[in-house]
Amino acid sequence: MIERIGTGWETGELTVTQEHFATECLSSFLTSKWRQLNNRKSEWTVLMGTLPGETHNLGLLMSTVVASLSHAKVIYLGLDTPLEGLIETANIHEPELLCLSISWLFIEKPVETENHLLQVRKELSNKIQIISGGKGTPKNITGITRMENFNDFNKWLVDFENRLETSN
């Protein structure tokens, strides 16, 4: 549905206002779902966010819904997160997992995106797993797992939780 809305906007079938309305409806729905699923969880923590300059939130919200299906407590930072704030929050809360959503907007600035990811990896404990998904996610960044789709993310989370359980 999301791709259909985007295509409708690109081809002029939908106005910008209609595309924004549809996106806002989806955002509201997804937010309500992950918040409901996030109640009273405390087994482990996942931090959800984006890089500075990110203006697209549906990928992050869909990832957050998937993450909230696990036993993790979700800390949602949202869009356009300053790098320093992302790093500081991760260092304070010490999540087991940091998930970043990187949209197609970042395809045009691969060096900056890679530098941001490398800085995050460098400044966080190696105990914190970092995964990233979205069309703007670079390939082959050392210390960062790239997710191709939501099904892969869900499978990865199941395996991750199993590894956490056996290590405790």
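Student: Which residues have the most contacts inside the largest nonpolar core?
Tutor: They are W44, V46, L97, F153 and L157, in a core of 25 residues. The model is predicted, so local features need pLDDT of at least 70 and side-chain atom pairs count only at pLDDT 80 or more, while totals for chains, interfaces and linings use all residues. Residues are numbered from 1 along each chain as its sequence is written, and side-chain values use heavy atoms, with hydrogens and water left out.

Student: What makes a set of residues a nonpolar core?
Tutor: Its members are buried Ala, Val, Leu, Ile, Met, Phe, Trp, Tyr and Cys residues joined through side-chain atoms within 4.5 Å, where buried means under 20% relative accessible area (1.4 Å probe, protein chains only).

Student: Which residues does W44 touch?
Tutor: Leaving aside residues up to four places away in sequence, W44 touches S70, H71, A72, K73, E96, L97, L157, F160, E161 and L164, contact being heavy atoms within 4.5 Å.

Student: Why are helix 4 and helix 5 called roughly parallel?
Tutor: Helices are DSSP runs (H or I, at least four residues), numbered from the N terminus. Helix 4 (residues 83-93) and helix 5 (residues 110-123) pack at about 25 degrees, with their axes 10 Å apart; angles under 35 degrees count as roughly parallel, and the pair is therefore roughly parallel.

Student: Which residues meet there?
Tutor: L83, L86, I87 and N91 in helix 4 meet H116, Q119, V120 and E123 in helix 5.

Conventions: Buried < 20%, exposed > 50% of the residue type's maximum accessible area, 1.4 Å probe, protein only. Axes fitted to C-alpha atoms, helices over the stretch in contact; angles between N-to-C directions. Helix = DSSP H or I, 4+ residues; strand = E, 2+ residues; numbered from the N terminus. Parallel < 35°, antiparallel > 145°, perpendicular 65-115°, else oblique.
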